[in-house]
Amino acid sequence: MAHRNFVAKFALLLTALALLVGGLVAAPAKAAAPVTINIWTFGNVIEPKMKKLYEKLHPNVKIVTVNKGGPDQLAQALIVAFQAHRTPDIAAIETSWSGLFRDYPSNFVDLRQAPYNANKLKKDYVDWRWAQGTGKGGEVIGLPTDVGGLEVAYRVDLFKQAGFPTQRDAVARMWPTWDKFIEVGKNYNKKMKRCVDKLKTKSCFIDSSGTLFTALLNQGTEKFYKGPGQVDYQNRQVRNAFNQTGKALVAGIGSRVAPYTGDWYAGMNKGSFATLLAPAWQLDYIKQYAPATKGKWDVAQVPGGGGNIGGSQLTIPKAAVNKAEAWKFLSWYLAPAQQLTVFKEYGLFPSAKSLYSTSAVKNYKDPFFRNAPIGKIYASGALKLKPLYEGPKERAIMSIYGQALGRIEAKKQNTSQAWNQAVADIKTALNR
Amino acid sequence: MSTAGLAIDSTAPVAPKVKKNKASRHKKMSPLSYVFLVVIAFASFFPFYWMFVVASSTSDVIAQTPPSVVPGHNFWNEVKAVFEVVPFGRNMLNTLIVCLSVAAAQVFFSSIAGFAFAKLRFRGKKALILFIIGTMMLPSQLGLVPMFLLLSKLNWIDELKALIVPALVTAFGVFWMRQVIDAQIPNELLEAASIDGASIPRIYRSMIVPAILPSAFVLGLFSFLASWNDYLMPLLVLQSPDKFTLQVAISQLNTKAYGMDYNIVMAGSFMATAPLLILFVFVGRRLVTGVMDGAVKG
Amino acid sequence: MTRDSTPSPKGRRGTRVSKSTNPWKSSNQGNNGMNRAENWWSQLFISPFFVMFIIFGFLPIAYSVYLAFFRWEPLDSSQTFIGLENFRNLWHDPIFWQSTRNTFSIWFFSTIPQMALALGLASILRNPRLRFRLLWQTIFLVPNITSVVAVAVVFGQLFGRDYGLINYVLHIFGVANINWQETTLASHVAIATMITWRWVGYNSLIFLASMNAIPNDLYESASLDGASRMQQFRYVTLPQLRNTITFMLIVGTIGGLQVFAEPATFGGNLSGGSSGQFSTLTLYLFRNVQEYTAYGYAAAVGIGITIIVLIISAINFALTRRIASEDTKK
């Protein structure tokens, strides 16, 4: 009897096993349902080669990327989309808008929850970039894409003419602080005597002194908000950043050319400015628009060690249709392995800090910039920054301060007049 | 706005005598006139030409000083690149569908409404025409977000009809047609026709329409162009690449997050604009002869 | 269909139109009695406009007007009723009034050249002795079809301070580099140039269409009286074009007071210059929407713009009416 029971049980077990194995073997043969992931993006946040690669790896997935025209237009479209409850599956949010969206995390999927469990990935990324995707209640609404970073791209030939050192470490030693940076700038103008608008051979120290403001702001621990709902745009750090930039503007070390204008691209070629505060992705602009200056540029560390402009988070809006598939793509695209590929292929500096110690990043040298160790320089800069709370009216405040600095540059007001007007203007704008 | 008793007899045969006087009125073109034409033509065309220069060159052309005015050799590469990013042919078709529908509808609805305002009497006419002019004073940006929400409620998002239906009528068109009909069709003619027993739709069809054809063409052209250039609303409303119109397609081309990828964007703009010029050459003939007809029938 | 007790001539299609209610008979012009058919057809003909406008024009605007009485946070759909506070703030907003002044200034600099050049072009284009007319007309319309993006790039280069083409040419004549963005006057002239460039060809077509409707008899009798071409232009063409010019001024005013694309592309952002020197009304509206995300206030700005346009258009209309009636008195 026991023997029969045993045989029966064994047969049952075998059958169960057979079914299980059979099921496992059969499952992959079952075609997964076709899925379309809709992504709203801007610029080159989603690189086309990576998109094609993912589609090859997952033949049932089609990725449709829609370029909304720019980071501002995308933010606008997203706000409207939230109200209409018609959103894409993934939306890219540029860092200057992260302040706004982080204050309203209910519009996004909280990626801490299962099945996303984003907190497991937190350690892979630079903490201040991770913080830019964290909502005011600690929700994880997005993962970071790249790090803009900030270092100084300088013209070796012009430095030589001005009698400055040209080797990048020596150059960085010239300006350990921003005060020293401004001094170097004044020296440059004094030595070269070419920072005059009329001159065909015009050459000033930096393209636009206003860029110091962003650099200085992002190097601190507090920007315009103390915390959620606590706006504080006149704090000491902001005031210092403003005054310091004011000093540079009054000293006239800049060529007063706004970035991304015709004069700026021409200026790159003609040496109208000897330095520029460059995020990693901006180095590409120099390569593309001033190819004739190859080998004339190098990259040195920025005063204060590091800085940041740009970057974005990839988020999943609450009203997304294909959340699970979206997460699969998002987490794959932003995983360290893929960020490394993007870096090698497109030059976007990774936010996955585990990559910083890999040889691919550490030893990366760019021949255009005299074989400067771009990877090492930007990595060390990225590690120096601290998380900053950014709030909803970030853009408005930045824009008004930007105008104030423009007035100082145009000699319409002095630093304290510009500051006072800016503060009044911000108060009014915030009251709307 | 009286027409001061003009009698336009559009059915009178053109007598040779008229031709001789016409020739003497229009003297030879003075060289000054030609200079004026050339200067304005140059200023009008140069930016378009320069668009092609940038589209056909490599990136550094934007940085050259003085700016290069010679086209490069890169045009077909850029064209290929454009087609890789967006289904450009499909986008052009979408734009044609939208623009033609809008132009035809605007001309038709404006002409009947304009006719009513110009020549028919009805209660509240004065107030209504002022209301229509008043609607032109509302800034369009004001209604952008609510319009999107409305279209979303109608489930028209990502459909071409979201661009066509709201644009079927236009205050400018009504105002323009009213003014044209008022100026070009004397009351005496209409009086005679109605004495003969013609009904209002008949009058519209056989008298108004032929007389306003040139102006209707001009309005159609303008409506077409306005629809072609429309950017803000399509960018919000259209979500899939194969529904895009040309302006939205062009904004897909920029892969620089800050600043612009000049060559490919200019190539896309050029590809979106050049067909219009070709269209003008064909349709324009009709336009010119239509417009000149008015002069001959003096 | 009229049912008239007095015998009336029967129309071909059986529509009876009695003499006493013939709408176009001059002696009936002041008559309040209306032909019922006429009334019905009128309503039919104007209803498409009004139906579409109510749905797609009025409703969105009404919602925006409603918003103007609230402080609106779109991202959590919270609305706080604040009554007239937005309007009070608007009244005291120096940037709003600065934008108004800028808008008028730019309008002034662009409208007059636009109209003058368009008139000149049209009078040349209507000459039947002109050859290649189609070619000219097509070229003059090119600015209107050039995309905004391309205009931004081209004019951005042209008006560059250091390396722009315009400054390059001015340099040859000994003029120092003008910083087009920086000063109020230069920025207004630059923007006005961009606007004029875009609309001259378009406006010339409208003038041309109207000019061609002027019957030749008038010119014949004028030339028989010995009038020169200039005099014919002044005493025949211009008066006949009065209606068109009025129309163009009204439309041009309304459009000009809402200029947006040119100031936005000129500055590259929505600020309208470091001291708002070329901020226009619709640019400021858009800035409130996009940068400040102050939707309620933006709606108030929109209403402010509408009121200003209304007032200016009314003044415009009254003035041209005055000039017209003075003319006929002569």
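Guide: Two residues are in contact if their C-beta atoms, placed from the backbone, lie within 7 Å. This is a predicted model in which local features need pLDDT of at least 70 and side-chain atom pairs count only at pLDDT 80 or more, while totals for chains, interfaces and linings use all residues. Residues are numbered from 1 along each chain as its sequence is written, and chains are lettered from A and ligands numbered from 1 in the order in which they are written.

Visitor: Which helix of chain B gives the most to the side that touches chain A?

Guide: The contact takes 23 residues from chain B and 28 residues from chain A. Helices H6 (144-153), H11 (232-237) and H12 (246-252) of chain B each supply at least two residues of the chain B side; helices (H or I, at least four residues) and strands (E, at least two) are DSSP runs, numbered from the N terminus. With 4 residues, the helix that gives the most is H6(B).

Visitor: How many residues of the side of chain B that touches chain C are charged?

Guide: This contact takes 90 residues from chain B and 95 residues from chain C. On the chain B side the largest share, 17 residues, comes from helix H13 (residues 262-296) of chain B. For the classes, Ala, Val, Leu, Ile, Met, Phe, Trp, Tyr, Cys and Pro count as nonpolar, Asp, Glu, Lys and Arg as charged, and the others, Gly among them, as polar. The side of chain B that touches chain C then has 61 nonpolar residues and 22 polar ones, and the charged count is 7.

Visitor: What distance separates the centres of domain 1 and domain 2 of chain B?

Guide: The bounds, from an automatic or database domain assignment, are 27-73 for domain 1 and 77-296 for domain 2 of chain B. Contacts link 9 residues of domain 1 with 8 residues of domain 2, and the domain 1 side of chain B has 6 nonpolar, 3 polar and no charged residues. Taken over C-alpha atoms, the centres of these two domains are separated by 28 Å.

Visitor: What percentage of the residues in chain C is buried?

Guide: Chain C has 13 helices and 2 strands. A residue is buried if 20 or more other C-beta atoms lie within 10 Å of its own, exposed if 12 or fewer, and partly exposed in between, with C-beta atoms placed from the backbone. Of the 330 residues in chain C, the buried part is 47%.

Visitor: Why is one side of two strands in the sheet of chain A left without a neighbour, and which strands are they?

Guide: Five strands of chain A form an open sheet of mixed pairing, in the order E2-E1-E3-E11-E4; two strands pair if DSSP finds at least two bridges between them. The strands in question stand at the edges, each with a single partner strand, so one side of each has no neighbour in the sheet; they are E2 (61-67) and E4 (142-144) of chain A.

Visitor: Which residue is the bridge partner of Ile39(A) in E3(A)?

Guide: Strand E1 (residues 35-41) of chain A pairs with E2(A) in the parallel sense over 7 bridges, and there the partner of Ile39(A) is Thr65(A). E1(A) and E3(A) also run parallel, joined by 2 bridges. In E3(A), the partner of Ile39(A) is Ile90(A).

Visitor: What arc do the buried residues of H14(A) cover around the axis?

Guide: In helix H14 (residues 336-346) of chain A, the residues Gln339(A), Val342(A) and Phe343(A) are buried. They fall on the same side of H14(A) because the arc, that of the directions from the helix axis to the C-beta atoms, is only 100°.

Visitor: Which exposed residues does the face of H14(A) turned away from its buried side carry?

Guide: The buried residues of H14(A) are covered by elements including helix H2 (48-57) and helix H15 (359-362) of chain A. The face turned away from that buried side carries Ala337(A), Lys344(A) and Glu345(A).
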